[in-house]
Amino acid sequence: MFATRAQPAASVLSAGIQTRNMATLREIQLRLNSIKNIGKITKSMKMIASTKVAKAQRAMETARSYGATSAAIYKNANTVPLEDEGNTYVVTSSDRGLCGGIHSSVAKATRRFIAAPGGQAAGVIVLGDKAKNQMSRSNRADIQLSFNQIGKSIPTFAEASAAADTILSSGLKIDTSTIVYNQFASAIAYEATPMKNFSIDALKASEGFDAYEVDEEVLGDYKEFLFANNIFWALVEGHASEMSAKRNAMENATKNAGEMVDRLTMTYNRTRQATITSELVDIITGASAL
């Protein structure tokens, strides 16, 4: 009689434990499948970014050589901004994410430049929604213009020229401007860097400008071309940095997903083994009670 009465209580207890274990196993299996799918996606995104990095670096080298050559006039003439001129910041980024903190780096650098002594901004112009969102948190009142649809592919000079023409024809008073962009340092490193653009009056007042025999009309056209070319240089170099950062971010995400899969697989196996052991104990207990 004692054995007969004890058996239902043991069965009810083991049924509860089995139900909890089955629920836990089901949850772990769902989470495991989800992380495996995420790992597949990040691995594919890493491969896509790897193919884009080489193209972006080739375009960057070309834009860098043209940009450095055209901007050499400022360096050779020892151009400095005039005292009564304002400084407009042009922040370059893109609309794409999933690439680490590359967009926040230019926003942080811009805020640091503005906060520095003598760095007061006459206005902020933002290229790319990611940097716009960052700058809106602290300098919303300073943003005068913003552009989007940037970063879907390698930037072209036509896109940079259109942006520069929109800025120059907007009616904003732009004397000296500072383009803040991500300078490509290596496959794993980039740095937010300022690039100066000076006004025509500042260029004329330069020490070494007399060595250049330039007409007034040509000088104005060259100033507009130089502004557009520097924007193009900043966009292309920023795009190369973004693709490299995205590849690294997706590689780290894939690695982390693999580590989580290993841990969850071990947890799943241990929970399953515990369930099997509990069932065997129930069977042995029931058999010994008969």
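This is a predicted model: local features need pLDDT of at least 70, side-chain atom pairs count only at pLDDT 80 or more; totals for chains, interfaces and linings use all residues.
By class, 5 nonpolar, 8 polar and 1 charged residues make up the lining of the largest cavity.

The structure has 2 cavities of 30 Å³ or more. The largest cavity has a volume of about 110 Å³. It is lined by 14 residues. Closest to its centre are Ser93, Ser94, Gly238, His239 and Glu242. Two helices each give two or more residues to this lining: H3 (102–115) and H7. H7 gives the most, with 5 residues.

Why look for such spaces with a probe? Rolling a probe the size of a water molecule over the atoms shows where empty space is left.

Next comes the largest pocket. About 270 Å³ of space lies in it. Its lining has 15 residues. Nearest the centre of the pocket lie Ile174, Asp175, Ser199, Ile200 and Lys223. Which helices supply at least two residues each of this lining? They are H6 (200–204) and H7 (216–289). H7 gives the most to the pocket lining, with 4 residues. By class, the pocket lining divides into 6 nonpolar, 3 polar and 6 charged residues.

The crossing of the two is right-handed. From H5, the contact is made by Phe157, Ala160, Ser161, Ala164, Ile167 and Leu168. From H7 come Glu224, Phe225, Phe227, Ala228, Asn229, Ile231, Phe232 and Leu235. How do the residues of the contact of H5 with H7 divide? There are 11 nonpolar, 2 polar and 1 charged.

H3 crosses H4 (residues 129–139) at roughly 35°, and the axes come within 8 Å. H3 passes H4 in a right-handed crossing. On the H3 side, the residues that meet H4 are His103, Ser104, Val106, Ala107, Thr110, Arg111 and Ile114. On the H4 side, they are Lys130, Ala131, Gln134, Met135, Ser138 and Asn139. By class, this contact has 5 nonpolar, 6 polar and 2 charged residues.

How values were computed
Residues are numbered from 1 along each chain as its sequence is written. Side-chain values use heavy atoms; hydrogens and water are left out. On a 1 Å grid over the protein atoms alone, a cavity is a set of points where a 1.4 Å probe fits but cannot get out, and a pocket is an open set with protein on both sides within 12 Å along at least five of seven lines; lining residues have an atom within 4 Å of a point. Grid points are joined across faces, edges and corners, and a volume is the space filled by probe spheres set on the points. Ala, Val, Leu, Ile, Met, Phe, Trp, Tyr, Cys and Pro count as nonpolar, Asp, Glu, Lys and Arg as charged, and the others, Gly among them, as polar. A crossing is left-handed if the near helix is turned anticlockwise from the far one by less than a right angle, and right-handed if clockwise. Contact means heavy atoms within 4.5 Å. Axes are lines fitted to C-alpha atoms, for helices over the stretch in contact, and angles run from 0 to 180 degrees between N-to-C directions.
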